[in-house]
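Thanks for passing this one along.

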Amino acid sequence: MTVPKKDYSVNFNAAWYLEEYPDVAQLGMDPLEHYLWLGKRLGRRTEPAELWIDPKRRASLGVGVEEAIVWRDTLSTGPSIAATVHVYYDDLIDEVCAYLAHIPYRFSGYFAVRTASMISAIKSSLKRHGARCDPHFVVSPNRGRNFGAFLVEFREAVRAHDLCLHIHTKKSLRMGEEQRDWRGHLFDGLLGDRTTVATILTRFVEDPRVGLLFPTTYAGMPVWCHHWLRTSGRVDEISHMLGISGMPRRGLIDFPIGSMFWARTDAIAPLLDFAWQYDHFETEPMDDDGTMAHVIERMMGGLCSTSGFDYLEMSAQENIFRRNWSEKLLHHHLEAWDDACQKAHNCDVMSFDFYDTLFCRQAFTPDDVHNYIGWALQVRGAIAEEGMFYTARKAAEDHARAYTGKGDVTLDDIYQSFSATTDWSQAAISLAHKLEWEIEARCLIPRSDMIELVRIAKDNGTRVIVVSDSYMPRRFFEEVLAQHGIDDLFDEIHVSSEVGLRKDRGDIWPWIKTNEAEGHRFYHVGDNEYSDIQNPLREALGNIYVINTTMLAQLCGLGPLEDWRVKAPAWRDGILHGPVVARLCNDAFLHRDGYRPIHLDSPRSLGYAVWGPLIFGFLTWVIDQARQKEQRVFFLAREGWFLVRLYEQIRSALGQLDIDLPEGQYLMVSRRSTMGPMAAVDFDPDFIVRGPRFQGTLNELLKARLGVDLGAGVPEVAYLIDTEQDRAKAAALVKRMEKRIVEAMGGPLERLRGYLAQEGADQRGGLIVDIGYSGTIQSALQTITGTAFQGAYMVTSQAASSVKEQGGSATGYFSHDYAPSVVRDYSMLLESVLTAPHGPTVDYQNGAEKIEPIFGLISEAQRHFSYIEQQFEGVTDYFSDILRTYGPEIALTTFSPRECEMGLRQLLDGVLKPPSDFAKKLSVENDFCGEGEIDIGQFYKISAK
C-alpha cells in the first residue's frame with residue numbers, strides 16, 4: 001500500500017474524523033493519511049456535517065431522521081444474497097459484472113437475458129472481473145421490463161435468501177438519449193466499490209429494522225417524479241393483489257427512482273409471495289407511465305413500511321442515511337422562485353392553474369368542504385344526517401357526467417341531477433347549491449407569491465391566463481378574482497366546464513397548444529404532478545411546478561399528517577387545521593432556508609397557529625355542554641378573561657341562526673378567595689392541604705391558600721411543612737388552627753356570598769369554565785352555595801372527582817378520563833397565557849353600585865400583558881376566519897381534542913418556532929404552592945432559537 005504524503009492544506013478535523021469513522025482507529029492509521037489514501041475517494045467528510053453539507057440540501061434538514069454512515073472496508077461473510085439482474089442491452093454486460101464483483105463474498109446471481117447468446121458473455125465477464133457469483137439464467141420476454149422476470153421467474157429463489165439486490169441495464173432511451181449518468185449514479189450508490197457494499201451489508205446485519213436501501217435520487221430528475229403520477233389509480237389494485245393496507249396515497253412518496261435497490265426479502269415478502277405471471281404486465285411497446293412496472297417501483301417504500309420495516313436512503317456524498325424518508329431533491333425548491341421569475345420575464349404566454357396554485361383553500365382537502373356542507377345542511381334541518389350530502393352530491397355528479405353528453409359538467413348540471421338521484425325537496429337542493437357556491441368562494445385565499453409572479457409576468461407584457469378543471473362556471477372565477485382585487489391581472493380564463501376539455505384527461509393541452517402557445521414562449525404553472533406537469537410535457541409545453549399548501553404542510557410537519565398520507569382525514573380535522581395551513585404554507589415557493597422549523601414572526605402569528613385551534617375546539621365543546629343543559633356559563637378569573645370574550649364572539653355568530661346561547665359571565669373568583677370562606681362553612685383540613693405540593697411554614701400555607709395570617713402570636717404557625725412528604729402532619733397542624741381560621745373567615749364568607757348572589761352564581765344550572773386541574777374552586781363554590789355545578793375544564797386530575805360527591809360534575813376536554821395530553825402536561829404554559837390584566841382575586845368590597853372584587857398584587861404576566869394581548873389578537877383572527885369562511889354552523893360541531901392541541905405539540909416539538917422573546921414573557925404566579933413567580937420558559941425549557 002502506498003500512502004500519499006500529508007496535505008496540510010486540507011481543512012481537516014483529525015479528532016472528529018477518528019470518532020466518526022471507527023474503522024480508521026482499527027487500522028491504526030493517521031486519520032489524515034487515511035483520508036488522503038481512501039476516505040476522499042469514499043466521499044468521507046473532513047469535519048462535522050453542519051460545516052460540510054451542501055448548502056442547497058439544507059432545505060430538507062429537519063424533515064426526517066438523518067444518521068451518519070459508518071463505513072466498512074470489507075466483509076468476508078454475511079447474509080445470503082440474491083442479485084437479480086435484468087440484462088436487455090448486451091453492451092452493458094461488462095459494466096454490470098464489474099460492479100457485481102464488488103460484492104465481497106459469494107452470492108447467487110439471477111440473470112434475465114434477452115437472448116441465449118448473452119449467457120456466455122455474462123459468465124465470461126463475471127470470471128474476468130473476479131465476481132464470486134453462482135449464476136442462474138433465464139431467457140425471458142421483455143414484458144414488465146426489469147420487474148417481469150424478477151417476479152415471474154426468480155421470486156421463489158430470491159425468497160430463500162436473506163437479501164436481494166435488484167439492478168438492470170438502464171438506458172431510458174425514451175428520454176432522448178442514453179442516461180449514462182443516471183445509471184452510473186445508481187450503480188455507484190449500490191455497488192460503487194467493496195467498501196460501499198460492505199457498508200450496506202453491515203447496515204442490514206446490525207439493524208434488523210432496515211428492510212430497503214436505495215441511493216439518493218439522481219440530480220437530473222425533477223422533484224415531481226416522487227409521486228404516483230398516472231399510477232395513482234392503481235394503488236388499490238396492487239394493495240388488493242398483495243393483501244396489504246396502509247399504502248401512502250397522497251403527497252410526495254419515497255421510492256428508488258430507477259428501480260434499483262437492496263432489500264431484505266422479509267420486508268418485500270408480499271411482493272415475492274404473490275404468484276406473478278407475465279400477463280400481469282403490459283406488452284411492449286409499454287407506455288411511459290401508469291404500467292404495473294411503474295406501480296411496483298413506486299410502492300417499494302410504502303411496501304417496506306407496511307411490512308413493519310424501515311427504509312433508508314443512502315447519500316455517500318453527505319455521509320448520511322435518511323431513515324423512512326428521502327430528500328426527493330427538495331432542495332430544488334430553494335432555486336424555484338428565481339427560476340420562475342426568470343421564466344416570467346422571458347415568455348409570451350403564462351398559464352396558471354387556479355385551485356391550489358393561484359388560490360388555496362382554508363381546508364386540508366376539497367372533500368372537507370363538501371363534508372362540511374353536509375353538516376351545515378343538517379344543522380339547518382335540510383337533511384337528517386351530515387353524510388347524506390357527500391353521497392348524494394357524488395351520485396348527482398356521476399349522473400350529470402353520464403347524461404349531459406358534454407366534455408365536462410357545470411355546478412348547475414350537478415344540482416339539476418339531484419332530483420333524478422335523490423328524493424330531496426327543491427328547497428333542500430337549492431340551499432345546498434347556494435351553500436356550496438358561497439363556501440367555496442369564501443374558503444379560497446390567494447397565494448401571495450403566486451400573485452406576485454403574475455404581476456411580474458404582466459409587467460413584462462406577458463399574456464396571463466387561467467386553465468382550470470372545475471365544474472364551477474367562468475362567473476365563479478371572475479367573482480373570486482374580483483373579490484380579491486386581482487381580476488385585472490388575467491387576460492383569459494379557460495375552465496373545463498365551459499370549454500369541455502380537461503387537464504387531467506390531457507385533451508385540453510393540444511387545444512391550449514394550438515390556441516395559446518403556438519408560436520409563443522409558453523409556460524404553465526401548476527401543482528398537480530400529473531395534470532399540470534406530466535400531461536403538458538407530452539405536448540412539449542414548458543411548465544413550472546409548485547407545491548400545494550397541503551403537501552407543503554406535510555413537509556413542514558403541520559396538519560393531520562398521519563391520516564392524510566394514507567386516507568383522507570376526518571373533515572373536522574381538515575377544517576380545523578385549514579386556516580393555519582393556508583396561512584403558514586401560503587407561499588408556493590420556499591422563501592426560507594428550509595422546510596422546518598416554521599418561524600412564527602410575531603405573537604399574533606403564534607396566537608393564530610397555536611392557541612386559535614386549541615381554544616376554538618375547547619369552546620365549541622363548552623357550547624355543546626351549555627346547549628345540552630341550557631345553563632348559565634361562568635368563566636372563572638383569571639383564565640376566563642380572554643375565554644369569555646372568545647365565547648361571546650361565537651355566541652354573536654350563532655345569533656345568525658337564531659340560536660340563543662346563555663351569555664358568558666366573567667366570575668372573579670380564585671382558589672384563595674373561595675377556599676377560606678369554604679373553611680368557615682365546612683372545615684376540611686385534608687381539602688386545604690391537597691393538590692400541588694407546598695413547602696414552607698404553616699402560616700405561609702394559610703396565607704397562600706386561605707388568605708389567613710394568624711401572626712407571630714401562634715407558635716405552631718412557624719412549623720415547616722411539606723404537603724407531599726407528610727400530608728397527614730400538615731393536615732393535623734391545620735386542624736389545630738380550625739377555630740382561628742373559621743373566625744377569621746366569617747367576614748370574607750359573607751362578602752363572597754353577596755358577590756355570588758349578585759352574579760347569579762348561587763343558583764342551580766351553572767356551567768363553570770376554567771383550565772381546570774382538581775376542581776378546587778368548584779368544590780368550594782358548591783360547599784358555600786349548597787348548589788351543584790357542572791365543570792367544563794381543559795384538563796382535570798383524579799382529585800376533581802370529589803365534586804361529584806357534592807352532586808356536581810367535572811370533565812376535562814383534553815384529558816377525559818384522565819388520559820394524557822399535551823395540554824395537561826403543559827398546563828402551566830396555558831395558565832401563563834390565559835390570564836388577565838389584574839392580579840388574583842383575594843376578597844370583595846362594597847362598591848358604589850355593587851360588590852366588587854379586591855385584587856392582589858400583579859405579577860410579571862400583567863407587566864407583559866400587552867404581549868399576551870397580541871397573541872389573543874391572533875386567536876381572534878383565527879375565530880373570525882373560520883366563522884366567516886364556514887358560517888356559524890362550524891361552532892355547533894365538536895372537534896378531536898388531539899387535533900386541537902396539535903399546534904401546541906408542534907410548538908413544543910420545534911416544528912413551530914415562537915418569536916425570539918416568547919419564552920421571556922411567560923410566567924405564572926404560584927403562591928398557592930409556595931413557589932412564588934415561576935419562569936415558564938425555564939420551567940418547560942422552551943426556546944425560540
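**Notes on the model**

1. Cysteines first: there are zero disulfides in this structure, which is a predicted model. A disulfide is a covalent bond between the sulfur atoms of two cysteines. Take Cys133: its closest cysteine sulfur belongs to Cys97 and sits 7.9 Å away, too far for a bond, because the cut-off is 2.5 Å. Cys133 is also buried, at 8% relative accessible area.

2. Cys347 is another cysteine in no disulfide, and the nearest cysteine sulfur, in Cys341, is 11 Å off. With a relative accessibility of 2%, Cys347 counts as buried.

3. Next, have a look at Ile465. You'll find it in strand E13, which covers residues 463–468. Is Ile465 buried or exposed? It counts as buried, because its relative accessibility is 0% and the cut-off for buried is under 20%. Setting aside neighbours within four places in sequence, the contacts of Ile465 are Val349, Met350, Ser351, Phe352, Glu492, His494 and Glu516. By contrast, 51 Å separates the C-alpha atom of Ile465 from that of Arg824, which lies 359 residues away along the chain.

4. Now the strand pair. Strands E18 (residues 632–636) and E19 (residues 664–667) run parallel and are joined by four bridges. Across the pair, Phe634 in E18 faces Gln665 in E19. To get from E18 to E19, the chain passes through helix H28 (residues 640–654), giving a right-handed β-α-β crossover.

5. On to a helix pair: which way do H26 and H27 run relative to each other? The axes of H26 (residues 571–584) and H27 (residues 603–629) come within 10 Å and cross at roughly 175°. The two helices are therefore roughly antiparallel, since angles over 145 degrees count that way. On the H26 side, the residues that meet H27 are Leu576, Pro579, Val580, Arg583 and Leu584; their partners in H27 are Tyr608, Ala609 and Pro613.

6. Last, helix H35 (residues 776–785). How many of its ten residues are buried? Ten of the ten are, so the helix is mostly covered, with buried meaning under 20% relative accessible area. Just past the end of H35, Gly786 takes a positive phi of about 70°.

Technical notes. Residues numbered from 1 in each chain as written. Predicted model: local features only at pLDDT ≥ 70, side-chain atom pairs only at ≥ 80, totals over all residues. Heavy atoms only, no water. Buried < 20%, exposed > 50% of the residue type's maximum accessible area, 1.4 Å probe, protein only. Pairing = 2+ DSSP bridges. Right-handed = clockwise from strand over helix to strand, strands pointing away. Axes fitted to C-alpha atoms, helices over the stretch in contact; angles between N-to-C directions. Parallel < 35°, antiparallel > 145°, perpendicular 65-115°, else oblique. Contact = heavy atoms within 4.5 Å.
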